Amino acid sequence: MDTVLERRAAAFEGYDLEAMRRAGEAIRAHTVARLDEYLERFADRAEERGINVFFADTAAEAVDYVRRILDRRGVRLVTKGKSMISEEIGLNHTLEAAGIEVVETDLGEYIVQLARETPSHILMPAMHKSRADVAETFSAVTGETLSDDPAMLTAFSRRILRDKFLTAGAGITGANFGVADNGTVVLVTNEGNGRMCSTLPPVHIALMGMERLVPSTRELAVLLPLLTGSGTGQRVSTYVSFLGGPRRMGELDGPEETHVVVVDNGRSAILSTEFRSALHCIRCGACQNVCPVFRQVGGHAYGGTYGGPIGAVLTPLLAGFARAGDLPHASSLCAACTEVCPVRIPLHDQLLALRRDVAKERAPRGERLSFRLWSAAWRTPRRFLLFARLARLLQTPLTLGGRRLRRAPFPLSRWTRGRDLPALASRTFRERWRRR
Amino acid sequence: MERERFLARVRQRLAGVDAPPLPDELPATPASGDGRPLAERFAEELRSIGGMVELVSLPGLAGAVAAAAREAEARTAVVAPDLGPFSGRVAQGLRRAGVEVLEAEGTAAWRDACERADLGVTGALAGVGSSGSIVAAAGPSSSRLASLLPPFHLAVLGTDRLVPGFEELFADLPRYLMDFSSAVLISGPSRTADIEMVLVQGVHGPRHVHVLLVDSTRAGSKKKGRPPKAAGPSP
């Protein structure tokens with residue numbers, strides 16, 4: 001993880017990163033604030049190119065749409081590029097339940113899928129696996145024993161997955177950006193699996209969160225270097241594909257039909273709130289790499305699709321406080337995430353605001369009342385002194401003059417059952433100061 | 001229907017939200033041009049990400065193609081139809097290296113050929129000096145698979161097609177995307193670091209990328225500014 005941070009620093013050395021971040025923020029804020037216009041333009045242009053565009057309100061609608069396409073084409077095997085949103089909508093599960101074989105083709109995702117786990121990081125899905133783990137997982141596929149050399153293991157996956165690409169009935173990928181001005185879908189990959197999935201199978205389906213748009217390619221001159229520099233420290237990813245629809249007349253290769261599924265799934269509800277900027281995220285994973293909590297507990301501990309600070313913000317907003325209301329507490333509020341974010345999302349402020357909202361919705365009446373009394377008792381110096389004196393008086397039957405409070409009546413007994421409470425001193429600091 | 005409902009909801013949620021303007025000027029990034037000679041910078045950047053590159057003269061192209069094919073130990077090749085003015089010399093070079101060019105009629109046969117070939121030879125629409133990237137487009141006179149399936153990708157590009165950085169590339173790209181059904185920016189060989197963050201070259205795409213930059217300062221200086229040959233009309 002430290003290597004990634006060093007690479008990030010090296011990638012931007014000598015450039016005005018702050019100016020880049022401010023430009024990135026302005027581009028994302030502008031686009032998301034006018035998302036309705038840009039979505040409409042994107043859909044019009046994409047359809048002119050022969051791309052089928054479907055707007056899905058919910059995860060279920062998105063999954064249904066994909067299933068209908070696959071059923072109509074009689075697809076039994078799907079190759080998939082890395083797509084966080086497909087995890088979010090639970091696509092694999094539904095397709096597999098329908099008897100369709102779904103193969104993840106990003107090396108990290110493939111490892112995780114074979115091990116029957118879920119990704120632990122946005123950009124490095126198998127970062128929790130050692131090379132020995134991978135060798136073991138791959139060996140189980142063919143029965144031959146593989147060495148744990150990463151180059152050998154990679155070559156093995158190339159061989160196995162090439163076959164899948166050539167026989168798949170459909171390829172499904174995510175989308176890093178959708179370009180409103182020309183209706184193309186931008187896919188950023190290093191391995192080439194995104195190109196494979198969008199080129200070899202007769203059908204290509206791109207799943208895109210509705211906020212992923214940019215007005216034109218011009219803005220990508222800043223957003224792409226911000227994305228790859230923050231994510232992996234690269235100047236540019238190996239492949240940046242601009243997918244502009246099916247094979248045209250006379251072309252030698254390419255898909256016969258292509259689809260873009262624009263997914264809401266709770267996002268529009270965020271638009272009118274103070275958390276709108278969470279939708280500015282370009283999924284670089286930098287906030288995960290710097291987060292002291294993420295670095296200790298790993299991505300799986302967050303329970304949702306998106307881990308780390310951005311996940312602790314997004315998951316409660318998308319999945320609801322009942323399911324994910326604890327996540328905003330999975331932070332030390334150190335603000336490292338806010339400092340590193342390439343589009344300047346105030347992540348730690350949002351975590352704090354979410355804690356407030358969760359507490360408002362969740363805290364039992366008794367707890368709310370006691371905190372209100374607590375705050376009333378401390379609000380002015382006079383009151384503080386009064387209540388300190390009162391508490392000192394009231395504690396005598398419990399401390400019996402000792403320095404620790406070992407047993408107390410309910411509800412304090414819940415505390416003292418496990419640990420002692422230091423007794424209040426006989427004089428406050430200010431009293432001692434005055435009598436010095 | 002679902003589209004109107006969807007957009008209406010978004011519109012309603014955004015009612016009263018002010019959009020900050022897009023920045024008038026974009027700041028320089030690591031992918032911006034820096035004033036250095038384009039061919040030199042292109043070569044340096046491509047080498048730094050594991051690619052191979054040579055600057056050759058037009059008469060020297062056949063020899064360079066032959067040398068590259070020998071180095072790739074290629075016995076078979078597919079040649080994309082987007083080599084334009086370079087196609088004759090490329091064919092000559094491949095012949096000299098004893099490489100069999102796989103001919104294919106129709107999409108299925110073409111796909112087979114690309115999958116079998118040791119070497120894929122393509123042209124490119126543009127090259128980016130700041131990142132060592134080339135732009136490959138898909139259209140009636142080009143191919144998506146020739147630069148993707150073979151383990152070795154050889155691209156031929158005139159130096160007049162080089163642009164300094166992303167800003168210039170992304171100003172030109174909308175024009176390319178009107179003429180072509182898709183385009184891809186290729187920067188060096190396919191790579192991964194998914195296993196213990198060890199960098200490995202050659203995952204799904206080519207393991208080796210070799211770019212021959214054809215010096216167009218003398219012979220081809222008149223061509224400057226013209227749309228690339230590959231952008232011909234569809235049949």
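# Chat on the A–B interface and its strands

Me: How many residues of chain A are in contact with chain B, and with how many there?
Reply: In this predicted model, 105 residues of chain A are in contact with 79 residues of chain B. Contact means heavy atoms within 4.5 Å.

Me: What conventions apply here?
Reply: Residues are numbered from 1 along each chain as its sequence is written, while chains are lettered from A and ligands numbered from 1 in the order in which they are written. The model is predicted, with local features needing pLDDT of at least 70, side-chain atom pairs counting only at pLDDT 80 or more, and totals for chains, interfaces and linings using all residues; side-chain values use heavy atoms, with hydrogens and water left out.

Me: What area do chain A and chain B bury between them?
Reply: The two chains bury about 7700 Å², of which 60% is on carbon and sulfur atoms. Buried area is the accessible area (1.4 Å probe) that two parts lose on being put together, summed over both.

Me: Which three residues supply more of chain A's share than any other three?
Reply: They are A:Arg158, A:Arg235 and A:Leu252, which supply 10% of the area that chain A buries against chain B.

Me: How many salt bridges cross the interface of chain A and chain B?
Reply: The rule finds twelve salt bridges there, a salt bridge being a side-chain nitrogen of Lys or Arg within 4 Å of a carboxyl oxygen of Asp or Glu. A:Glu251 and B:Arg144 form a salt bridge through their side chains, at 2.8 Å from N to O.

Me: Which helix of chain A gives the most to the side that touches chain B?
Reply: Helix α9 (residues 150–167) of chain A does, with ten residues. Helices (H or I, at least four residues) and strands (E, at least two) are DSSP runs, numbered from the N terminus.

Me: Where does A:Asp57 lie, and what is its partner B:Arg9 part of?
Reply: A:Asp57 is in the loop between β1 and α4 (59–73) of chain A, and B:Arg9 is in helix α1 (residues 2–13) of chain B, so the pair joins two chains. Their side chains meet in a salt bridge of 2.9 Å, N to O.

Me: Is A:Asp57 buried or exposed?
Reply: A:Asp57 is buried, at a relative accessible area of 13%. Buried means under 20% relative accessible area, exposed over 50%, and partly exposed in between (1.4 Å probe, protein chains only).

Me: Which residues are linked with A:Arg235 in a network of salt bridges?
Reply: A:Arg235 is linked with B:Asp34, B:Arg36, B:Arg41, B:Glu44 and B:Glu45.

Me: Changing topic to strands: what is the order of the open sheet of eight strands?
Reply: The order is β8(A)-β5(A)-β6(A)-β9(A)-β9(B)-β6(B)-β5(B)-β8(B), with mixed pairing. Two strands pair if DSSP finds at least two bridges between them. The edge strands are β8 (213–214) of chain A and β8 (162–163) of chain B, each pairing on one side only.

Me: In what sense do β9 of chain A and β9 of chain B pair?
Reply: Strand β9 (residues 239–243) of chain A and strand β9 (residues 182–186) of chain B pair in the antiparallel sense, over five bridges. Opposite A:Tyr239 stands B:Ile186 in β9(B).

Me: And how does β6 of chain A pair with β9(A)?
Reply: Strand β6 (residues 184–189) of chain A pairs with β9(A) in the antiparallel sense over five bridges. There A:Val185 stands opposite A:Leu243.

Me: Why is strand β10 of chain A largely enclosed by the rest of the structure?
Reply: Seven of the seven residues of β10 (residues 257–263) are buried, so the strand is largely enclosed. On one side are A:Glu257, A:His259, A:Val261 and A:Val263, and on the other A:Thr258, A:Val260 and A:Val262. In a regular strand the side chains alternate between the two faces of the sheet.

Me: What joins β1 of chain A to β10(A)?
Reply: Five bridges join strand β1 (residues 52–56) to β10(A), and the two run parallel. A:Asn52 has A:His259 as its bridge partner. Strand β7 (residues 203–209) of chain A also pairs with β10(A) in the parallel sense, over seven bridges.

Me: How many helices and strands are there in chain B?
Reply: Chain B has six helices and twelve strands. Buried residues make up 54% of its 235 residues.
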